[in-house]
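Please open the model in your viewer and keep the selection panel at hand. The stops below follow one another through the chain.

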Amino acid sequence: MSDTGNTAQRPDRAKGHMDRAGIWLSGLCAVHCVASIFIVSALGLGGQFFFAPWIHRFGLAVALVIAAVAIGWGALRHRRAAPFVTAMTGLSFMGGALAVPHGVEEAVLTIIGVLLVSLGHILNLRAAH
């Protein structure tokens, strides 16, 4: 008994899971940015943790891997540039946020970046269907 139909769908399903994970992680990143500014500014707590450079570098590394796999895989299959260009622009904003001091400027660049990365994943999901 052949299972070729189900096997052919596994890569698409895995890619869809990666895109959804990218959307969720982008949302969590945006919440982290806003919450960090509020908690540190209003309460004076957690600056050493929330603004730790390793958290931002790690987040960007995870975003790069997920986007490379999900959006790169999608671009090879559906041949549409919009998801790739949108996500890469967002990743550039996120990378740029690492080059500015912590604060509002960093948060704005990061939030723009994660919104664009998330939009790239959404466009990728839509292009795949």
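Select helix 3 (residues 53–78) and helix 4 (residues 81–97): helix 3 passes helix 4 in a left-handed crossing (left-handed if the near helix is turned anticlockwise from the far one by less than a right angle, right-handed if clockwise). Helices here are DSSP runs of H or I with at least four residues, numbered from the N terminus. This is a predicted model, in which local features need pLDDT of at least 70, side-chain atom pairs count only at pLDDT 80 or more, and totals for chains, interfaces and linings use all residues. Residues are numbered from 1 along each chain as its sequence is written, and side-chain values use heavy atoms, with hydrogens and water left out.

The axes of helix 3 and helix 4 come within 9 Å and cross at roughly 165°; axes are lines fitted to C-alpha atoms over the stretch in contact, and angles run from 0 to 180 degrees between N-to-C directions. The two helices are therefore roughly antiparallel, a term for angles over 145 degrees. Next, display the side of helix 3 with Leu 60, Ala 63, Leu 64, Ala 67, Ile 71 and His 78, which meet residues of helix 4 including Phe 84, Met 88 and Leu 91 (contact means heavy atoms within 4.5 Å). This contact has 11 nonpolar, two polar and no charged residues; Ala, Val, Leu, Ile, Met, Phe, Trp, Tyr, Cys and Pro count as nonpolar, Asp, Glu, Lys and Arg as charged, and the others, Gly among them, as polar.

Among the residues in contact are Thr 86, Gly 90 and Phe 93 of helix 4 and Leu 109, Gly 113 and Leu 116 of helix 5. The residues of this contact divide into 14 nonpolar, eight polar and one charged.

Now select Ala 30, which is found in helix 1. Its C-alpha atom and that of Thr 110, 80 residues apart along the chain, are separated by 7.4 Å. Beyond residues up to four places away in sequence, Ala 30 touches Ile 111 and Val 114.

Finally, which residues are the closest to the centre of the largest pocket? Select Leu 25, Cys 29, Ile 55, Gly 59 and Leu 60, which belong to a lining of 24 residues. Helix 3 gives the most to this lining, with 10 residues.

Definitions and conventions:
On a 1 Å grid over the protein atoms alone, a cavity is a set of points where a 1.4 Å probe fits but cannot get out, and a pocket is an open set with protein on both sides within 12 Å along at least five of seven lines; lining residues have an atom within 4 Å of a point. Angles under 35 degrees count as roughly parallel, over 145 as roughly antiparallel, 65 to 115 as roughly perpendicular and the rest as oblique.
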